[in-house]
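Please look through the model below with these notes beside it.

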Amino acid sequence: MGRELVQQGRHGEAERYFKKAVEMAREGFGPDDPHMASACNNLAEFYRLRRQYDLAEPLYQQALEVLTRAYGLHDARVAFALHNLGGFYLSRRQLGRAAECYEQALKMKLEVLGTGHSETSNTMYHLAEVRWQQGLRDNAIQLMENSLEIMESQGVGATPGCVRRRGRLAEMHLEQGNVDQAERLLRAILAYVESTQGLEHGNCATAAENLASALQRRGAWDEARSLMHKALETRSTHVGARHPVVAVTLRKLAELELAAAAAEEAATAGAAVEAAATNGGRAAGAAGNLQPPAQPGVAGRERQQAVAIAQEALSITQQAHAEALEWEARRGQPEAGGLLSWLRPKPALSALRRPQRPDSAALEVAQSWQVLAHAHAATGAGSVAAQDLEQALGVLAEAFPNAAGAASGDADLAAVAEPSSSSSSSNGGGNGQPEGEQAEDEQSEAEAEARSASALALALSAREAARAARVERARHELACGLLAELLVLAQAAESGSGLDVAAVKEWWTAEGCGTSAQA
């Protein structure tokens with residue numbers, strides 16, 4: 001019943017049911033009975049999903065202690081409880097504790113369930129994530145591969161869960177430079193998505209983009225370009241040509257064109273050097289007269305295409321940002337005109353089914369300016385590229401006017417969210433009405449609803465604080481990248497931008513990008 005109430009959004013009633021289940025288990029079976037552990041675990045999950053972590057942790061631990069006393073240290077149910085506690089610590093980024101729980105759970109599952117059980121595979125997968133975040137990359141990849149082998153041996157290798165794990169393993173391989181392994185996995189994912197969801201599905205576009213990125217790392221430019229165009233066509237069909245997600249694909253395509261042009265020029269230069277070394281100066285001169293005119297032309301066209309693609313991405317993100325600001329300004333304002341106000345046309349939302357948040361939309365605009373700067377710099381327009389970077393920094397400055405104090409602001413938000421445990425656990429006093437038990441019940445229900453509403457507000461504050469922290473990290477990383485690139489252009493004599501190097505260095509230091517402004 002409690003789970004159904006949660007799905008219906010009736011969190012106050014759900015909390016009462018979960019608490020009542022704990023009380024009934026304690027009274028009916030005793031505090032050391034496995035039924036008590038199950039009830040505690042359900043209430044802990046409820047609090048975890050509500051981000052009331054201080055209330056969830058002792059319940060997880062209580063469930064584990066009860067099961068350990070009941071069944072000992074060699075039982076699958078104890079392993080499940082350890083896995084749940086590990087998941088709680090992982091969600092809190094307490095990696096040491098999470099690893100300890102997952103390792104114990106995995107050891108028990110291997111002993112009790114064996115190497116070919118799905119639950120063993122599940123714990124391996126989560127332990128791999130912990131090891132990856134701890135920096136133990138090889139161990140993480142091995143655990144992930146073992147997890148996949150178990151799923152494939154069970155005949156569930158074509159399920160969505162297994163496909164997601166393949167995608168995560170491909171990401172790990174790419175980050176470690178294992179391009180061939182990543183390509184093999186990504187090809188399998190693309191084939192699965194095409195066969196199960198169709199060529200027009202958004203997941204097909206994502207799979208094509210990911211494979212294109214791997215092929216780009218390997219230098220397979222033609223196939224990578226074809227896949228990226230395929231992803232672009234799918235996204236345009238699926239969400240519309242002016243959707244911000246299309247701009248993301250366009251930026252990736254522009255970067256691919258720039259990388260292909262650079263590789264083309266590098267290959268041409270290498271061929272010229274080899275010809276000079278093999279055939280002597282006269283042959284080299286002949287080769288230089290024949291080949292370079294065609295090759296730079298190809299690279300030049302690719303760079304001009306990158307400029308046009310980046311400009312289209314910028315146009316889309318600017319429109320989405322304007323729409324996000326318009327919707328933000330209108331949100332919460334009452335409609336004039338009384339009961340007939342619904343007849344008036346609402347503001348058009350040409351690119352979005354639901355508007356972005358203005359801060360996220362601003363980050364997208366700044367990223368588009370950055371890619372356009374890369375394209376202009378590649379064409380030799382250093383001064384234009386510098387102006388692009390300044391535009392990107394201006395967008396960030398306007399969208400985040402209080403960025404300098406963002407860290408302390410996030411800390412304040414987190415501090416507001418911390419008292420959730422005390423607010424939720426307080427009993428609200430015994431203000432029963434003298435008229436009788438019915439009045440007392442109504443009063444207690446009202447107090448419970450008030451506590452639930454307060455807990456929900458605090459949970460939402462914690463969620464917003466976590467989002468604000470993520471956005472600020474993204475803004476800071478982007479700003480530092482923009483400043484580093486701007487400093488390179490400012491220091492380059494050929495840029496002709498007239499930028500003040502000292503001013504850029506001062507900005508770099510104020511942003512906290514490093515102890516010195518060396519790009």
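1. Glu 45 has a relative accessible area of 25%, so it counts as partly exposed. Here buried means under 20% relative accessible area, exposed means over 50%, and partly exposed is in between, with a 1.4 Å probe and protein chains only. The side chain of Glu 45 meets that of Arg 48 in a salt bridge, 3.2 Å from N to O. A salt bridge is a side-chain nitrogen of Lys or Arg within 4 Å of a carboxyl oxygen of Asp or Glu. Arg 48 is also partly exposed, because its relative accessibility is 23%.

2. The model is predicted: local features need pLDDT of at least 70, side-chain atom pairs count only at pLDDT 80 or more, and totals for chains, interfaces and linings use all residues. Residues are numbered from 1 along each chain as its sequence is written, and side-chain values use heavy atoms, with hydrogens and water left out.

3. The overall make-up comes next. The protein has 20 helices and zero strands. Helices (H or I, at least four residues) and strands (E, at least two) are DSSP runs, numbered from the N terminus. Of its 519 residues, 41% count as buried. The protein exposes about 26,700 Å², and carbon and sulfur atoms supply 52% of that area. Accessible areas come from the Shrake-Rupley method with a 1.4 Å probe; for residues, only the protein chains shown count as cover.

4. Contact means heavy atoms within 4.5 Å. His 321 is buried, because its relative accessible area is 17%. Leaving out residues up to four places away in sequence, His 321 touches Pro 358, Ala 361, Ala 362 and Val 365.

5. Which cysteines are joined by a disulfide? Cys 480 and Cys 513 are, with 2.1 Å from S to S. A disulfide is a pair of cysteine sulfur atoms within 2.5 Å, and the count by this rule is one. The pair links distant parts of the chain: Cys 480 is in helix H19 (residues 437-491), while Cys 513 is in the segment after helix H20 (501-511), 33 residues apart. The torsion about the S-S bond is about -95°, so this disulfide is left-handed. Cys 480 is buried, because its relative accessibility is 12%. Two further cysteines are buried as well: Cys 162 at 0% relative accessibility and Cys 204 with a relative accessible area of 1%.

6. Side chains of opposite charge can pair when their charged atoms come close. The whole structure holds 25 salt bridges. One of them joins Glu 183 and Arg 187, at 3.0 Å from N to O. Both residues lie in helix H10 (residues 179-197), four residues apart, or about one turn of the helix. Glu 183 is buried, because its relative accessible area is 10%, whereas Arg 187 is partly exposed at 32% relative accessibility. Salt bridges with shared partners join Glu 183, Arg 187, Arg 218 and Glu 223 into one network.

7. Arg 77 takes part in two arrangements. Arg 77 forms a salt bridge with Asp 75, the closest N and O atoms being 2.9 Å apart. The charged end of Arg 77 also sits over the ring of Tyr 71, 3.6 Å from its centre. A charge sits over a ring if NZ of Lys or CZ of Arg is within 6 Å of the ring centre and within 35 degrees of the ring normal. Is Asp 75 buried or exposed? Asp 75 is buried, because its relative accessible area is 13%; Arg 77 is partly exposed at 40% relative accessibility. Elsewhere, Arg 137 lies over the face of Trp 132, at 4.0 Å from the ring centre.

8. Last, the aromatic rings. The structure holds five aromatic pairs. Rings of Phe, Tyr and Trp (its six-membered ring) pair if their centres lie within 6.5 Å; planes under 30 degrees apart count as stacked, over 60 as edge-to-face and the rest as tilted. Tyr 60 and Phe 88 form a tilted pair, 5.5 Å centre to centre with 45° between the planes. This pair links distant parts of the chain, with Tyr 60 in helix H4 (residues 53-71) and Phe 88 in helix H5 (residues 76-91), 28 residues apart. Both Tyr 60 and Phe 88 are buried. Together with Tyr 53 and Tyr 89, they form one aromatic cluster.
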